[in-house]
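This report goes through a two-part question: how the chains are built, and where they meet. The sequence and structure come first, and the description follows.

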Amino acid sequence: MSVTGQVLRWTGLAVVGATVVLAVVLASRFGTDPGLVDSPLLGEPAPEFALAGLDGSEGVALSQLRGEVVVLNFFASWCLECREEHDDLVAASESFSDRDVTFVQIGYQEDPAESFAYLEEAGRSAATLYLADPGSRTAIAYGVFGIPETFFIDTEGTVVGKIIGEANALILGATIDAIIAGERPGQQITGDTRQQPDP
Amino acid sequence: MSERVRNVLIVAVMAVMAIALTLLVSTRPADVDRVEEIGSRIKCPVCQGESIANSPSPMAEDMMDLVSERVAAGVPDQEIIDELLGSYTGAVLLDPPASGSTLVLWLAPIAALAVGVGVIWWWQRHPGAVGDPPAPPTERSRTRLVVGGVVLIFAFAGILVVASNSLQDRPAPASGAADLADQDLTEVSDETMEAVVAANADNPQVNGMRLALAERYFDAGDYRSAFPHYLEVAEDPDATAAEAITALVRLSWMAYDGNDEVETATRLVEEALAIDPNSTVALYVKARVRWCGAGETDEAVTIFETLLADPGVDPETRARIESDLELARDGEGCP
């Protein structure tokens, strides 16, 4: 083979090799849904917030709940999965109310009055704090990609668990049981989330 | 144009570009520009591949407001980005980081450029080679070409298969009731069981967990907590016969043992026997209620003897019945 042929052959092989490597890298990234990556908050102090109630009431600061397990859920009336899990959240909130466990539900990307009206219709737990998040500051601080997303904060104020997607009473209860037992359940993916209202 | 003039022009253009680039880099952008610049690097978490600066979504607007506030407060760009990275990870960056597995994405264009420059440089050094007539294909070279093509096709097919397999499916939403059958209840707290039962009150599949929870309370002597769960199962038309009998028998015993209501206890256990007249547990509780509550020792002895005649009674229950029968025959009080 001539020198030209050799150069062309090696150049061709180099281009093919580089293309294959590039394709493998791109292919490996296909499986990484940014909404499913482990939250960087796991194991970290929970971002502080001080929010008013959805009904305009005084609300609460996270620091006031130190010493309790906090179940922090982001929801909206336009989110079907949030509606599906609502009864389970209410049931778990009431069931664990005597165990130093506080449920906090924060309205996401919705007028607080609309969220509150939805709760009036769907039913509320007397043990749950329903809060408004103006400017989505708390949702941004917790890195919410879509709803429902539920964070679990231990008695020391550390984020120790997260559920992406619809939760149910069994998953909520089992996660709380694990936290009370001193474990760190980590992240669980249960289903789809909604990014914004359907057009 | 002479070569000298051309060279001077090239140098002049490069100098102007260098000066422009230096000015661009060294000039501190206005705050509005900074907000836009930072926003253009942050991916809108609720959109498909759009920056928060370009997305009209309310979430992107909220994030831009946050960036704007931080810029106005004099927070450096990198700190603002780090704040978002602390919540969202690198997935919130539009450009992949030039490190780790994505480094190759940054290096590939440079490598391709280097290869191209190298090839051009080599051709310029061997001008005669370009004009060489192509050698006629031999049988060997044709075979190599075919094999190479097949290998390439299989390689790309393999990559596609790996890629499609690596697509991460979100699991279907879990149903609390559907999970109940497989759940090891020894690991589940009373509170969790209460929550599951309350959330699935209309689902007959929850009766198993409801009874398991009631049994925990019953065994602990907490009749007050056990009662509503047994009553719920007893009144559920979708409950199985075994579930209904268990609930009625427990209600019967609690009516006698907890409230001394012998008539109610007898009525409830008769309801259980109406479902299954041969139910061992119902007959045993009936005998105990008649003996301990109503003082009907003879009736109890008859029932105990009937039960012992059944070879299907398990050894533990049989031992208990034999012990009770002995006490009843001796005229002893109910233990």
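Into which domains is chain B divided? Chain B comprises domain 1 (29-96) and domain 2 (190-329), with bounds that come from an automatic or database domain assignment.

## Basis of the description

This is a predicted model, in which local features need pLDDT of at least 70 and side-chain atom pairs count only at pLDDT 80 or more, while totals for chains, interfaces and linings use all residues. Residues are numbered from 1 along each chain as its sequence is written, and chains are lettered from A and ligands numbered from 1 in the order in which they are written.

## Overall make-up of the two chains

Chain A has 5 helices and 8 strands, where helices (H or I, at least four residues) and strands (E, at least two) are DSSP runs numbered from the N terminus. Along the sequence these elements of chain A follow the pattern α-β-β-β-α-β-α-β-α-β-β-α-β. Of the 199 residues of chain A, 44% count as buried; a residue is buried if 20 or more other C-beta atoms, placed from the backbone, lie within 10 Å of its own, exposed if 12 or fewer, and partly exposed in between. Among contacts in chain A between residues at least 6 apart in sequence, 78% join residues at least 24 apart, a contact being a pair whose C-beta atoms, placed from the backbone, lie within 7 Å.

Chain B, by contrast, has 16 helices and 0 strands, and 26% of its 335 residues count as buried. In chain B, residues 24 or more positions apart account for 42% of the contacts with a separation of 6 or more. The centres of domain 1 and domain 2 of chain B, taken over C-alpha atoms, are separated by 64 Å.

## Local features of chain A

Helix α5 (residues 169-180) of chain A is mostly covered, with 9 of its 12 residues buried, including L170(A), I171(A), L172(A) and I179(A). After α5(A) comes G182(A), whose phi is positive, near 90°.

Two loops of chain A carry backbone features of their own. S136(A), in the loop between β5 (128-131) and α4, has a positive phi of about 55° although it is not a glycine, and S136(A) is buried, with 23 other C-beta atoms within 10 Å. The peptide bond from I147(A) to P148(A) is cis, with omega near 5°, and P148(A) lies in the loop between α4 (137-141) and β6 (149-153) of chain A.

## Local features and helix packing in chain B

T89(B), in the loop between α4 (77-88) and α5 (103-125) of chain B, is a residue other than glycine with a positive phi, near 65°; T89(B) counts as partly exposed, with 16 C-beta neighbours inside 10 Å. T317(B), in helix α16 of chain B, is also partly exposed, with 15 other C-beta atoms within 10 Å.

Helix α15 (residues 297-308) and helix α16 (residues 315-329) of chain B pack at an angle of about 150°, with their axes 10 Å apart. Among the residues that meet are V301(B) and F304(B) in α15(B), and I321(B) and L325(B) in α16(B).

## Packing between the chains

Helix α2 (residues 80-95) of chain A and helix α9 (residues 190-199) of chain B pack at an angle of about 145°, with their axes 8 Å apart. The contact is made by D87(A), D88(A), A91(A), A92(A) and S95(A) of α2(A) and by E191(B), E194(B), A195(B), A198(B) and A199(B) of α9(B).

Notes: Contact = placed C-beta atoms within 7 Å. Axes fitted to C-alpha atoms, helices over the stretch in contact; angles between N-to-C directions.
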